[in-house]
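Open the model in your viewer and keep the selection tool at hand.

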Amino acid sequence: MKSRLTSLFLGALILVASSQLSVAQTGGLHMPKTVEAGAAFSIQSAGSGHATLYIVGLGQVLRREVQLGETTSFAPGELHSAGHYAVLLVSDSSTENGTFDVTAARQPSSLSFLARPSRVPVDLHDGISGVVYVFDTFQNLVLEPAQASFQLSGVAGAPQARTVLTRNGVAWMKMDSAVKEGAAQFVARVGNASDARVITQVPGDPCSLRMNARPSGQALALETDPVRDCRGNAVPDGTIVTFTETYDGDEATVDVPIKRGIARTEMPAHKGATISVATGVVMGNEIHWGGGQ
Amino acid sequence: MKGASRGMSALRLVLMMCSLSVALSVSGSDQPVVHVEPTDSVGPRVLEKQTEEAVIRDYLQAWRNLSGAFEDNQVALLDADFVGTAKEKLADTLREQTKLGLRTRYRDSAHDLQLIFYSPEGLSVQLIDTVTYDVQILDHDKVQTTQHVRARYVAVLTPTEVRWKVRVLQAEPE
């Protein structure tokens, strides 16, 4: 009894295994191993009679009623989403399986271009980064390596250009910001596809700060020289400059925004007072009023 | 006659066991086995451990919700984990499935993950995932086939307010 059961069990296993083998075999189902997205292709079946052909993937599903033994053609653009596809041919008497891959079209059509930051101080090494993802006309990521070129052209000086090879559909690079303030055009190009961003290059921190003083009635008129960064760009209006007067152990402070490149204020004209000026982390000169500068 | 009947019962039992094993492998209630390749370098930006863990957690969650969305043709299930191109393409497929009366059961059993790129401004992460899964195709609720698949996926994730979302999910030939 035991041996009979064993032989039955083995028989059943062989039956299941052989039936799975026949399903796994593509048999009369002939299809390409890979298809370029949007390209025309065909699937050939064997036998006779009516069947249903399924092409199933995460990016698309198709179903066709077909005649076995005939070639089923798919028009250009019909299967356009890159990915892995299961192919299934179901007739009354049999089921045949297969798989194939759809790859992105080779020709880039659009770019997803991330350029950061949108505002950057001038003269900053590796201050601007660009990342580009390359897509075909069907929004598939183009995984084949391609030359990606980046160009940053500003208001002055020669444009900076870099060329890098995409890997897995992405390319990136970093560039220095220009020494002159102003809007720069940042362009990425892969094949015929291009995309542009505007990077605003703003002056850096003030480089040096100098003020002068003159009597103005009972007060002292204080005025800075034009405030510039280390590359000579005018520091933006609104930047705060702090004037501090120390006299007889007391301290008075005035914060003044820069207007038209210069900060101005008035403070009491105490003889023997010391007046200092600062903006951010930059200290300017000191004036000792009444004792000369 | 009695022996033949016993034989038939045993055969039925064996076939039931086989069906059960297939059903179990398809239902895949177990968590997939996840292996993450060491990330020595991911390009221009250092990938912190916490970020890496968050990316992987959200990516795997995306597969879980994708599975649910494709089984029930529910586009809304994609909202939490997908964005942009990936979401549009998957949603289009679900609408097409609904139109054709199809459903698909994706059961991922293993992920072999490698994070390959973290963009300099921190706005995208790219990974490669060799996924092993079963896909069952149902036409008007009738199971047509189950395929065992091993495929290499390229995914791009971008950060949103609270999580990383999949922006690109694309299989490529191995």
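Two strands count as paired if DSSP finds at least two bridges between them. The model you are looking at is predicted.

**Stop 1: the sheet of chain B.** Select β2 (residues 102-118) and β3 (residues 125-139) of chain B. They pair in the antiparallel sense, over 15 bridges. Zoom in on Y106(B): opposite this residue, in β3(B), stands V135(B). Now widen the selection to the whole sheet. It is open, with five strands in the order β1-β2-β3-β4-β5 (chain B), and its pairing is mixed. Which strands sit at the edges? They are β1 (33-36) and β5 (164-172) of chain B, each pairing on one side only. Ignoring direction, neighbouring strands of this sheet are turned by 25 degrees against each other on average.

**Stop 2: helices across the sheet.** Helix α3(B) lies across β2 and β5 of chain B, at about 65 degrees to β5(B).

**Stop 3: the cores.** In soluble globular proteins, nonpolar side chains tend to be buried together. Here the largest nonpolar core has 87 residues. Which residues have the most contacts inside this core? Select V132(A) and A155(B). The element that gives the most to this core is α2(B), with eight residues. Stay with V132(A) and show its surroundings. Beyond neighbours within four places in sequence, V132(A) is in contact with residues including L111(A), F113(A), A148(A), V170(A) and V190(A). Another core, of 18 residues, lies apart from the largest one; among its members are L220(A), I275(A), V277(A) and W289(A).

**Stop 4: the domains of chain A.** Colour chain A by domain: domain 1 (2-103), domain 2 (110-202) and domain 3 (206-288). The C-alpha centres of domain 2 and domain 3 of chain A lie 41 Å apart. Their contact takes six residues from domain 2 of chain A and four residues from domain 3 of chain A. The domain 2 side of this contact in chain A has three nonpolar, no polar and three charged residues.

**Stop 5: where the chains meet.** Show both chains. How many residues of chain B are in contact with chain A? The count is 40 residues of chain B, against 39 residues of chain A. On the chain B side, α1 (2-27), α3, β2, β3, β4 and β5 each supply at least two residues. Colour that side by class: 23 nonpolar, 13 polar and four charged residues.

Note on methods: Residues numbered from 1 in each chain as written. Chains lettered and ligands numbered in written order. Predicted model: local features only at pLDDT ≥ 70, side-chain atom pairs only at ≥ 80, totals over all residues. Helix = DSSP H or I, 4+ residues; strand = E, 2+ residues; numbered from the N terminus. Axes fitted to C-alpha atoms, helices over the stretch in contact; angles between N-to-C directions. Contact = placed C-beta atoms within 7 Å. Core = buried A, V, L, I, M, F, W, Y, C linked by C-beta atoms within 7 Å. Buried ≥ 20, exposed ≤ 12 C-beta atoms within 10 Å, placed from the backbone. Domains from an automatic or database assignment. Nonpolar A, V, L, I, M, F, W, Y, C, P; charged D, E, K, R; others polar.
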